[in-house]
Amino acid sequence: MTPTLVDLTRDLLNSGVFNHLPDDEIGRLHWMIVQGQSVGQLPLAPLFSYWYRGDYYSSNASPHLLQQCNEYLQRMGQPLIDMYGEEFYEA
């Protein structure tokens, strides 16, 4: 079963992908999720901007989460999260 955007974003939060962000940013993301559940839809552009800023190398993050994010982004016609490109530029 494919998780919803809310479920996937919750999994990202729980795995620590956004722990490097300031507390007020994480609070906004939580608020966005709660509002999305009550209204029945999430504002995609702000949500995806958080996904793009995620630290997918955090200790608890599963590579499967990044794959799921990229699958959603691809379906929505958005650029994929490319983790490999950053490694080459850091060297």
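The secondary structure of this chain consists of five helices and zero strands, and the model shown is a predicted one. Followed along the sequence, the chain has the pattern α-α-α-α-α. Of its 91 residues, 41% count as buried. Among contacts between residues at least 6 apart in sequence, 63% join residues at least 24 apart.

Helix H3 spans residues 44–52 and helix H4 spans residues 63–75; their axes come within 12 Å and cross at roughly 140°. Because angles over 145 degrees are needed for a roughly antiparallel arrangement, H3 is classed as oblique to H4. The crossing of H3 past H4 is left-handed. On the H3 side, the contact is made by Phe48, Trp51 and Tyr52, and on the H4 side by Cys69, Tyr72 and Leu73. By class, this contact of H3 with H4 contains six nonpolar residues, no polar residues and no charged residues.

In soluble globular proteins, nonpolar side chains tend to be buried together. In this model, the largest nonpolar core has 26 residues, of which Leu12, Phe18, Trp51, Tyr56 and Ile81 touch the most other members. Two or more residues of this core come from each of helix H1 (5–14), helix H2 (23–39), H3 and H4.

Leaving aside residues up to four places away in sequence, Tyr56 touches Leu12, Val17, Trp51, Ala61, Leu66, Cys69, Ile81 and Met83.

Notes: Residues are numbered from 1 along each chain as its sequence is written. This is a predicted model: local features need pLDDT of at least 70, side-chain atom pairs count only at pLDDT 80 or more; totals for chains, interfaces and linings use all residues. Side-chain values use heavy atoms; hydrogens and water are left out. Axes are lines fitted to C-alpha atoms, for helices over the stretch in contact, and angles run from 0 to 180 degrees between N-to-C directions. Helices (H or I, at least four residues) and strands (E, at least two) are DSSP runs, numbered from the N terminus. Angles under 35 degrees count as roughly parallel, over 145 as roughly antiparallel, 65 to 115 as roughly perpendicular and the rest as oblique. A crossing is left-handed if the near helix is turned anticlockwise from the far one by less than a right angle, and right-handed if clockwise. Contact means heavy atoms within 4.5 Å. Ala, Val, Leu, Ile, Met, Phe, Trp, Tyr, Cys and Pro count as nonpolar, Asp, Glu, Lys and Arg as charged, and the others, Gly among them, as polar. A nonpolar core is a set of buried Ala, Val, Leu, Ile, Met, Phe, Trp, Tyr and Cys residues joined through side-chain atoms within 4.5 Å. Buried means under 20% relative accessible area, exposed over 50%, partly exposed in between (1.4 Å probe, protein chains only).
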